[in-house]
Amino acid sequence: MQEIKEFIKAIPPFDLLTEEEISLVTQNTDISFYPVNEKITPKNVLIIIKGKIKSEEDVFSTEDIVFAKEIIENKTTEFEVIEECLCYEIKRDVFLDVLEKNKKFKNYFLQDIASKLQTLRKKTLENQFSSFLSARVKDLILHPVVFVKENESIKSAVKKREEKKASLIIVENKGVVTDSNLRKVITEDIPTNSSVEKIMTPKIITIEEEDFLFNALLMMTKHNIKRLAVTSDDKIKGSIEQIDLLSYFSNHSYLISVKIEKAKNINDLKEISNSLTDLINLLFNKGLKARYIARIISELNRKIFAKVSEFVFDEEYYKNISLIVMGSEGRGEQIIRTDQDNGAVINDSFSYDMKKFEDFSEKLKILGFPECPGKVMVNNPFWSKHLKDFKNDIFTWTDTPTKENMMNLAILLDANVVWGDEKYLNELKNYLFEHISDNATLLSTFASFVNQFELPIGFLGLKEQVDMKKVRFIIVHGARAFALEHKIKKTSTVERIKELNNIGVIDRRFATELIESFDVILTLTLKEKLKQINNKEKATNIINIKNLTKIEQDMLKDSIKVTNEFKKLINHHYHLGVF
C-alpha cells in the first residue's frame with residue numbers, strides 16, 4: 001500500500017492532495033492488467049505503470065493519467081491498448097469525491113493547455129529553487145587576482161592590478177590590498193613608491209571553490225568584507241565579490257553590460273564574451289524563462305556587436321549604414337551562441353570599403369562567433385550592399401519565388417539594427433511589405449515551408465529523439481508568415497504572436513498557448529544544450545525523450561499539440577491543402 005501511495009503522490013496533480021486525501025485514494029486503488037488490442041472505456045481513472053493506451057488524439061504511457069477528464073465531463077470514449085498495460089486503477093466515485101474536496105486538484109484537469117503548462121512550470125521551479133541551496137562558489141564567475149612581493153611599491157602593485165584587471169592584490173600570501181586599502185594612499189598621504197606592505201590588510205580570508213554560496217555570504221557578513229579569495233587545492237585561483245552573490249539572485253547581466261561599455265580592445269571583449277555561458281547557466285538555474293534569457297543574451301550580444309563596430313568603423317559609417325543581425329539573433333531568440341548572421345544596408349550615395357566589413361567579421365570570429373556556413377555575413381557582398389540593390393533583390397525574390405529566394409526573404413524579415421542609422425533598414429522593410437503583403441500566391445508559397453518538417457509524433461507517441469529546431473521552426477515561420485501578410489514589423493516570435501492576437505488573427509487563449517508552448521520548446525532545448533556544453537560536448541538541438549522528467553515529457557507533448565494546431569491553422573489560412 002505504501003508503494004502505491006508513494007507512486008501516485010509523486011505524479012502531478014496528485015501531489016496537490018492532502019495526506020488524508022492521498023490515503024483515501026490509495027485505499028481505493030487496485031492494480032489492473034489490459035492486453036494488447038483491448039478496447040476500454042472510462043469506468044475508473046487509470047495511472048499507467050507500464051504499457052501504452054491510445055485515444056483518437058493522444059498516446060498515453062508510463063505515469064500518464066487516463067480517463068480523468070472523460071470521467072469529470074461524463075464522456076463515454078473508447079480507447080485502445082496498443083502495448084499491454086499494467087495500471088493503478090482508482091475508483092471513479094472516490095476520484096470524484098476528492099475532486100470536489102480539493103479545488104486545485106480539480107482545476108488541474110479542467111484548465112486549458114496554457115494554464116497547465118504554467119502549473120507544470122511552477123512545479124519544475126520548486127525543484128530548481130532547491131538547487132540554489134546547494135549552489136557552490138565554483139558556480140560563480142571568478143575574478144582574477146594579482147600576486148606581488150611585500151617589498152614591491154604601491155605604484156608597481158597597482159599597475160599590475162590594472163594590467164590584469166584584478167580586484168584583489170595578494171601580497172606574498174601574507175595579506176591583501178583592496179580599494180579600501182588604496183584609499184589610505186590619499187587619506188594618509190602615503191607616497192606611491194612606499195612598500196605595498198604598509199597599506200595591506202595582514203590577513204587573507206579565503207573560501208574553497210567547493211564550498212556553498214551561503215557560507216561565502218556568511219563569511220563576508222561576519223568579517224565585514226566585500227571580497228573573498230577562492231582556493232582550490234590550497235592555492236588561490238581567483239576571487240568573488242559580494243555583488244557577485246547578490247547578482248546571483250538579481251540581474252548579473254547589468255555587470256556584463258557595464259564591462260562591455262568599458263572595453264578598450266578586442267581582448268577585453270573576448271574575456272566578457274566567454275563569460276556569457278556562465279551567465280546563461282546562472283539565469284537558467286534560477287528558473288528564469290528561456291525567452292527572457294534569450295532577450296538578455298541577445299541584448300548583450302548586440303552591445304558586443306556595437307562595441308566591435310566602434311573599433312572597426314568611423315562616424316561616417318554610423319551615419320550611412322544599418323548594421324543588422326538576422327536569424328535567431330535578429331528575433332532576439334538566440335541563447336547559446338551559433339554562427340554569424342549579419343549584414344549591412346548602406347546609403348545609396350555612400351562609398352564604402354568592403355575590407356571594413358571583413359575586419360568586423362574577423363573580430364567576431366575572435367570573440368567566438370563562427371562564420372555562417374551559408375555565408376549570411378557582413379563580409380559577403382550579397383548581404384552588405386546599397387539600399388537600392390537590396391530593393392532589386394526583393395523584386396527578384398518575389399518575381400521568382402524559389403526555395404532559396406523565399407528563405408532569403410525570411411532571413412531579411414527577421415533583421416534588426418545593432419549599430420548605425422535605422423532608417424536604411426526601415427525603408428527597406430517598408431518596401432518589402434508594400435510589394436509582398438497583398439500577393440496571395442507569394443504569401444502561400446512563403447507560408448508553405450511550415451510543411452517541410454513533420455512533428456515528432458508517431459503511432460506510439462513521442463519519438464525517442466526530437467529535433468527541437470524543427471518543432472520550433474513551425475511556430476517561428478508560421479508567425480513570420482502572418483507578420484509578412486499583416487505588415488508586422490516586430491521580429492520577435494512572441495511579439496508577433498501577441499500582435500496577431502491584437503489584430504484578431506488568433507484569439508487570446510490560443511495566443512497564450514502558443515507563447516507558453518514556444519517557451520517550453522526553448523527551455524527544454526536550452527537545458528539540453530547547457531548539459532552538453534557543461535560536459536564539453538557539441539551543442540545540438542536533439543533531445544532524447546528518455547532524458548526528460550515525466551513533467552517535462554508532459555509539457556513537451558502539450559506544446560507539440562499546440563504547434564500542430566498552429567500548423568493546421570496556417571495550412572487552412574493559406575490554402576496549402578495539407579492538414
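**Strands, helices and cores**

Modeller: Let me start with a pair of strands: β13 (residues 321-325) and β16 run antiparallel and are joined by four bridges. Within that pairing, S322 has G420 in β16 as its bridge partner. Keep in mind that this is a predicted model.

Biologist: What order do the strands of that sheet have?

Modeller: The order is β15-β14-β13-β16, in an open sheet of four strands with mixed pairing. β15 (384-386) and β16 (416-420) are the edge strands, each pairing on one side only. On average, neighbouring strands in this sheet are turned by 25° against each other, with direction ignored.

Biologist: Which strands does helix α17 lie across?

Modeller: Helix α17 (residues 354-366) lies across β13, β14 (342-346) and β15, and runs at about 155° to β14. Helix α18 (residues 387-399) also packs on the sheet, where it touches β14 and β15. The direction of α18 makes about 100° with that of β15.

Biologist: Where does S328 lie, and what does its side chain make a polar contact with?

Modeller: S328 is in helix α16, which covers residues 327-331. Its side chain makes a polar contact with the side chain of Q334, at 3.2 Å. Beyond four places in sequence, S328 is in contact with E333 and Q334.

Biologist: New topic. What is the order of the sheet of three strands?

Modeller: That open sheet has the order β10-β11-β12, again with mixed pairing. β10 (206-208) and β12 each have a single partner strand, so each has one side left without a neighbour in the sheet. From one strand to the next, the twist averages 40°.

Biologist: How many bridges join β11 to β12?

Modeller: Six, and the two strands run antiparallel, with β11 covering residues 227-232. T231 stands opposite I236 in β12, and A229 stands opposite S239. In general, strands of a sheet pair through backbone hydrogen bonds, parallel or antiparallel.

Biologist: What about the hairpin, which residue takes a positive phi?

Modeller: D233 does, with phi near 55°, in the hairpin of β11 and β12, which has two residues between the strands.

Biologist: Is β12 mostly covered or mostly open?

Modeller: Mostly covered: five of the seven residues in β12 (residues 235-241) are buried.

Biologist: Now T26. Where is its place?

Modeller: T26 is in helix α2, residues 19-27. A polar atom of its side chain lies 2.7 Å from the backbone oxygen of I22. Leaving aside neighbours within four places in sequence, T26 is in contact with M1, I4 and K5.

Biologist: Buried or exposed, and why?

Modeller: T26 is buried, because its relative accessible area is 2%, and the cut-off for buried is under 20%.

Biologist: How many residues has the largest nonpolar core?

Modeller: It has 114 residues. Those with the most contacts inside that core are V308, L323, F357, F360, L432, L484 and L526. Taking L526 and not counting residues up to four places away in sequence, it touches I280, F284, A290, I293, I335 and I336. Apart from this core lies another of 33 residues, among them V25, L46, A68 and F95. As background, nonpolar side chains tend to be buried together in soluble globular proteins.

Biologist: And the whole protein, how many helices and strands?

Modeller: The protein has 25 helices and 20 strands. It has 579 residues, and buried residues make up 53% of them. The C-alpha trace spans about 90 × 70 × 35 Å along its principal axes. Of the contacts with a separation of 6 or more, 70% come from residues 24 or more positions apart.

Biologist: What is the mean pLDDT?

Modeller: The mean is 87, and 93% of the residues reach 70 or more.

Biologist: Where does pLDDT stay under 50?

Modeller: Over residues 126-132, for which the model has eight contacts beyond four places in sequence. Where pLDDT is low, predicted coordinates should not be read in detail.

Note on methods. Residues are numbered from 1 along each chain as its sequence is written. This is a predicted model: local features need pLDDT of at least 70, side-chain atom pairs count only at pLDDT 80 or more; totals for chains, interfaces and linings use all residues. Side-chain values use heavy atoms; hydrogens and water are left out. A nonpolar core is a set of buried Ala, Val, Leu, Ile, Met, Phe, Trp, Tyr and Cys residues joined through side-chain atoms within 4.5 Å. Buried means under 20% relative accessible area, exposed over 50%, partly exposed in between (1.4 Å probe, protein chains only). Contact means heavy atoms within 4.5 Å. pLDDT is the predictor's confidence in each residue, from 0 to 100. Two strands pair if DSSP finds at least two bridges between them. Axes are lines fitted to C-alpha atoms, for helices over the stretch in contact, and angles run from 0 to 180 degrees between N-to-C directions. A polar contact is a pair of N or O atoms within 3.5 Å; within protein, one must be able to donate a hydrogen and the other to accept it, and residues adjacent in sequence count only if both atoms are side-chain atoms.
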